[in-house]
Amino acid sequence: THYTALGLQPLAICLANKGYEAFSGACYTKVLKYTSRIKDDEVEQLEKAAHVLAMWIEEAKAQKLKRS
């Protein structure tokens with residue numbers, strides 16, 4: 001929640017400043033991090049990964065529209 005409270009999320013800033021390729025790489029890294037962590041609250045980590053995947057899917061769809 002600390003990212004959503006700021007208004008802009010780091011991934012959105014990455015996309016705006018560095019483009020889709022950098023954004024995709026950052027998403028991949030975050031999903032890998034969240035799904036491989038060994039922490040007490042597995043569900044919380046999976047929810048974080050799902051949030052990043054949702055952002056990635058949304059942007060991939062937008063990129064597809066730009067190319068068509």
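## Helices H1 and H2

Helix H1 (residues 10-18) and helix H2 (residues 20-36) have axes that come within 7 Å and cross at roughly 155 degrees. H1 and H2 are therefore roughly antiparallel (over 145 degrees between N-to-C directions). The model is predicted: local features need pLDDT of at least 70, side-chain atom pairs count only at pLDDT 80 or more, and totals for chains, interfaces and linings use all residues. Residues are numbered from 1 along each chain, and side-chain values use heavy atoms, without hydrogens and water.

From H1, Leu 11, Cys 14, Leu 15 and Lys 18 meet H2 at Tyr 20, Ala 22, Phe 23, Ala 26, Cys 27 and Lys 30. Contact means heavy atoms within 4.5 Å. By class, this contact has eight nonpolar, two charged and no polar residues.

## The aromatic pair

One aromatic pair turns up in a search of the whole structure. The ring centres of Tyr 20 and Phe 23 are 6.2 Å apart and the planes stand at 35 degrees, so the pair is tilted. Pairs need centres within 6.5 Å; planes under 30 degrees apart count as stacked, over 60 as edge-to-face and the rest as tilted. Both residues lie in H2, three residues apart, about one turn of the helix.

## The nonpolar core

Phe 23 is buried, at 2% relative accessible area (buried means under 20%, with a 1.4 Å probe). The largest nonpolar core has eight residues, including Phe 23, Leu 11 and Met 55. Such a core joins buried nonpolar residues through side-chain atoms within 4.5 Å. H2 gives the most to this core, with four residues.

Met 55 is in contact with Gln 9, Leu 11, Ala 12 and Phe 23, leaving aside neighbours within four places in sequence.

Notes: Axes fitted to C-alpha atoms, helices over the stretch in contact; angles between N-to-C directions. Helix = DSSP H or I, 4+ residues; strand = E, 2+ residues; numbered from the N terminus. Parallel < 35°, antiparallel > 145°, perpendicular 65-115°, else oblique. Nonpolar A, V, L, I, M, F, W, Y, C, P; charged D, E, K, R; others polar. Phe/Tyr/Trp six-rings, centres within 6.5 Å; stacked < 30°, edge-to-face > 60°. Buried < 20%, exposed > 50% of the residue type's maximum accessible area, 1.4 Å probe, protein only.
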